[in-house]
Every structure is written in C-alpha cells, then in structure tokens.
Amino acid sequence: MKIRLSHADGRPLYVQIMDEVRSGLVRGTLRPEDPLPSVRELSSSLRVNPRTVSQAYAALERDGVVLVRHGKGTFVAPGVRPDERERPRLAREVARRALADASRNGLALADLMTALREVEGGDPHRDGDGSKEGGQ
C-alpha cells in the first residue's frame, strides 16, 4: 500500500492517511483482512510522528474500516466493502487537490478542465489552444 501525504494539502496529515486507506479500498488495492503497515513503519516511511499514524488508525477503527489485533498489527476489517458513497467523496478530494495544485501553478479552473478533457480524450500532445505541441 502506497500512501502519499502533502504538507501543501489543507487536510491534517492523519486525515490524509485515513483518506489514502479508504481510497485503497475504493481502488481495490486494499481488501478485507489485508495488513496495514505498523505505526512505526508507516510513520518512519512518511516521516511523521507515530501519534499521527496512531490517530488515523484509531479513527479508522472507530469507523469500522480497520481492526487492530494487539500484538499482531492493524488489518482491513473482515467483510469491509468499498462503499460506493465513497466514490463521490474521493472524487471531490481529488478535485480539491487538483484545483489547489493548478492554482499554485498559476492555472485557472478553465485551464484544468481543458487539460482534463484532452487527457480523457487520449491526446496528451495537444496544447490548450488545440494545436499540437511543438507547433506541429
């Protein structure tokens, strides 16, 4: 499981960890009873305080997403299924991050929308004005 955190993201780090675990369930990269990294391992790899990871795991446990087996580790809860209601929430979070990144790079929403349509259309070599990159 790959977890990415961004200090530029407005969400607290523990919430980002929670969202990454939930995203793994939606994407299918995490399944019921899969082990999660230990608090020590994850805090070390993410370079965050172990309390941050513990806070995320505790909140996920309260939500029934993970199960902590003392002495054995933290696991995706048995029987947990990706909730289709998570998809719109996940899409909103991705959109928020994309807008924030675009803004940091001096791009407007219209620029981002044009680029998304082009990428979705499968022509990554189109410039925003419809011409090919490099003046072709």
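## Basis and layout

Helices (H or I, at least four residues) and strands (E, at least two) are DSSP runs, numbered from the N terminus. T52 has its place in helix 3. This is a predicted model, in which local features need pLDDT of at least 70 and side-chain atom pairs count only at pLDDT 80 or more, while totals for chains, interfaces and linings use all residues. Residues are numbered from 1 along each chain as its sequence is written, and side-chain values use heavy atoms, with hydrogens and water left out.

The protein has 5 helices and 2 strands. Their order from the N terminus is α-α-α-β-β-α-α. Of the 136 residues in the protein, 29% are buried. Buried means under 20% relative accessible area, exposed over 50%, and partly exposed in between (1.4 Å probe, protein chains only). Contact means heavy atoms within 4.5 Å. Among contacts with a separation of 6 or more, 49% join residues 24 or more positions apart.

## Nonpolar core

A nonpolar core is a set of buried Ala, Val, Leu, Ile, Met, Phe, Trp, Tyr and Cys residues joined through side-chain atoms within 4.5 Å. The largest one here has 20 residues. I17, L42 and L60 have the most contacts inside it. Helix 1 (13-27), helix 2 (39-46) and helix 3 (50-62) each supply at least two residues of this core. Helix 3 gives the most, with 5 residues. In soluble globular proteins, nonpolar side chains tend to be buried together.

What does L42 touch? Leaving aside residues up to four places away in sequence, L42 touches I3, I17, P37, V53 and Y57.

## Helix 1 against helix 3

The axes of helix 1 and helix 3 come within 8 Å and cross at roughly 50°. Helix 1 is therefore oblique to helix 3. Axes are lines fitted to C-alpha atoms, for helices over the stretch in contact, and angles run from 0 to 180 degrees between N-to-C directions. Angles under 35 degrees count as roughly parallel, over 145 as roughly antiparallel, 65 to 115 as roughly perpendicular and the rest as oblique. The crossing is right-handed. That term applies if the near helix is turned clockwise from the far one by less than a right angle; anticlockwise is left-handed.

On the helix 1 side, the meeting residues are L13, Y14, I17, M18, V21 and R22. On the helix 3 side they are T52, V53, Q55, A56, A59 and L60. T52 touches L13, Y14 and I17, not counting residues up to four places away in sequence. T52 counts as buried, because its relative accessibility is 16%.

## Helix 2 against helix 3

The axes of helix 2 and helix 3 come within 8 Å and cross at roughly 125°. These two helices are therefore oblique to each other. Their crossing is right-handed. V39, L42 and S43 in helix 2 meet P50, V53, S54 and Y57 in helix 3.

## Charged residues

A salt bridge is a side-chain nitrogen of Lys or Arg within 4 Å of a carboxyl oxygen of Asp or Glu. The whole structure holds 4 salt bridges. Side chains of opposite charge can pair when their charged atoms come close. R11 pairs with D19, their closest N and O atoms being 2.4 Å apart. R11 is buried at 14% relative accessible area, and D19 is buried at 9%.

R22 forms a salt bridge with D63, again with the closest N and O atoms 2.4 Å apart. R22 lies in helix 1 and D63 in the loop between helix 3 and strand 1 (66-69), so the pair ties together parts that are 41 residues apart in sequence. Buried or partly exposed? R22 counts as buried at 15% relative accessibility, whereas D63 is partly exposed at 46% relative accessible area.

D101 forms a salt bridge with R104, the closest N and O atoms being 3.3 Å apart. Salt bridges that share partners also join D9, R11 and D19 into one network. D101 and R104 both lie in helix 4 (residues 86-104), 3 residues apart, about one turn of the helix. D101 is partly exposed, with a relative accessible area of 40%.

E20 is a further charged residue in helix 1. E20 counts as buried at 14% relative accessibility. Not counting residues up to four places away in sequence, E20 touches K2, I3 and R4.
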